[in-house]
Amino acid sequence: MPAGDETTNSPSEVPYVLPKYLRFARSLALVSGAAIGIAAGAAVLSSSGCSMGCNGICGAYGVGLPIDARYDTPTDSGADGSDGSSHDGGRQNPPDGSAGGGPRPAPPLPAAWLA
Amino acid sequence: MPQGEPEARWLTAALSDTPIADEYRFVDSALRQCETIALVFDPALHPPEVIDKARRWWLAAMRTEYDSASTFIDMATQVRQIAEPLDVQTVVLRMAQDELRHAAICARVIEALGGEAKIPAVQLPRAGLHRDCTADESVLRTIIYGCCLSEMVNVVRLAKSVGEVADPFIRDAFRLLLADERLHAQFGFHYLAHRRAWLEARPEIARSLGRYLRYAFAQLEQVMGAVPADGRPRTDAERAIGLPDLTDLSTTFQETILNACIPGLERFGIEAGAAWRRRSLTPG
């Protein structure tokens, strides 16, 4: 693993070789403005993932799971944290977490955070 | 309909049947980042009950894509309020348009699967106001949360789906969506590059963004990273038609945040790793 890898700074994080879809995402975050520009033109995605600019410098190593046992088990739909302030770490069924993309609107900080 | 009762509105794939539709097709063709779907869906490849389930999933996706155009429309208003460069304003508006095109892609898949592409056009989501910070920081919060985080998670899930789905027609649909989503995710990091000098001159804003991320990570994890109570692993037939593995939502969310979002944000002096480790819905 590269000595300067910035993602493995927790004892609970296990280094492992990133799958292709994560290498692609990592390249988008780290190679901003270099290999993959907004005006890159026609994007050609191969049937197995993509071939539009992953140039190998995005790093083959990353952070493996499990990381946080709180979130790797099924949720109880009875949990109500919809206002973001009722409890810490509570979970709810994602209303659309499994149904397509689109950006999520940034939630304002709840009142408790503004004190 | 009783007077005063709001009219029920529906969105379908139908166009206006005017020259506006010609212009729409021109714009759609110009902005499309890769070739459109050339294949035909073959229902003989899948059990009927799986096709029905896929149809319902794509209908939900159509609604999500359609609704999410509002997030970029609000983002466009915000970047205009702080007079960001024209390229920034234009690309944000383009991304709003992309989401409408995504709704059209979903509609095409629904119809190919034998369904009716018709969703209720109810009250659209609106972004909340960030009253505790300046307009510039509000824009940064909006773009980091919307593009660097949530769209990056979408990129990972779509890229994974492209590699897993067996049906060539559905794979083409995923490919079309992914081609735009990667732009939406990377736009966030391009924008941070544009604001780098501004951020470096204001370390208090970078610290404030780190504090905001503590809450934002926890909130987004509820929305995008939680496994539903009734989630179970997919069958082979469900995987073949591109249905998601609901038991994988937490894993893909955390993998994305740790391996892409955090290192990407930390390039700009935002302490995203510490915020992730201390993520919480309540302060303290």
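User: Which residues of helix 1 of chain A are buried?
Analyst: A:Tyr21, A:Leu22, A:Arg23, A:Phe24, A:Ala25, A:Arg26, A:Ser27, A:Leu28 and A:Ala29. Buried means 20 or more other C-beta atoms within 10 Å of the residue's own, with C-beta atoms placed from the backbone; 12 or fewer is exposed, and in between is partly exposed. Helices here are DSSP runs (H or I, at least four residues), numbered from the N terminus. This is a predicted model: local features need pLDDT of at least 70, side-chain atom pairs count only at pLDDT 80 or more, and totals for chains, interfaces and linings use all residues. Residues are numbered from 1 along each chain as its sequence is written, and chains are lettered from A in the order in which they are written.

User: How many of the 11 residues in that helix are buried?
Analyst: Nine, so helix 1 of chain A is mostly covered.

User: What about the largest nonpolar core? How many residues does it have?
Analyst: It has 96 residues. A nonpolar core is a set of buried Ala, Val, Leu, Ile, Met, Phe, Trp, Tyr and Cys residues joined through C-beta atoms within 7 Å. Those with the most contacts inside it are A:Ala25, B:Trp58, B:Met62, B:Cys148, B:Met152 and B:Cys261.

User: Which helix gives the most to this core?
Analyst: Helix 4 of chain B, with 15 residues. Helix 1 (20–30) of chain A is among those that supply at least two residues each.

User: What is B:Met152 in contact with?
Analyst: Leaving aside neighbours within four places in sequence, B:Met152 contacts A:Ala25, A:Ala29, B:Ala185, B:Thr256, B:Ala260 and B:Cys261. Contact means C-beta atoms, placed from the backbone, within 7 Å.

User: Now helix packing. At what angle do helix 4 and helix 9 of chain B pack?
Analyst: About 130°, with their axes 9 Å apart. Axes are lines fitted to C-alpha atoms, for helices over the stretch in contact, and angles run from 0 to 180 degrees between N-to-C directions. The two helices are therefore oblique to each other. Angles under 35 degrees count as roughly parallel, over 145 as roughly antiparallel, 65 to 115 as roughly perpendicular and the rest as oblique.

User: Is that crossing left-handed or right-handed?
Analyst: Right-handed. That means the near helix is turned clockwise from the far one by less than a right angle; anticlockwise is left-handed. B:Met152 of helix 4 is one of the contact residues, as are B:Thr256, B:Ala260 and B:Cys261 of helix 9. By class, the contact divides into 10 nonpolar, three polar and three charged residues. Ala, Val, Leu, Ile, Met, Phe, Trp, Tyr, Cys and Pro count as nonpolar, Asp, Glu, Lys and Arg as charged, and the others, Gly among them, as polar.

User: And helix 2 of chain B with helix 4 of chain B, at what angle do they cross?
Analyst: Roughly 150°, with axes that come within 9 Å. They are therefore roughly antiparallel. The crossing is left-handed.

User: Switching to loops. Where is B:Leu243?
Analyst: In the loop between helix 8 (236–240) and helix 9 of chain B. B:Leu243 has 21 C-beta neighbours inside 10 Å, so it counts as buried. Not counting residues up to four places away in sequence, B:Leu243 touches B:Lys53, B:Ala54, B:Trp57, B:Arg234 and B:Glu238.

User: Why does B:Arg279 count as buried?
Analyst: Because B:Arg279 has 20 C-beta neighbours inside 10 Å. B:Arg279 sits in the segment after helix 10 of chain B. Beyond four places in sequence, B:Arg279 contacts B:Arg214, B:Phe217 and B:Ala218.

Note on methods
Contact = placed C-beta atoms within 7 Å.
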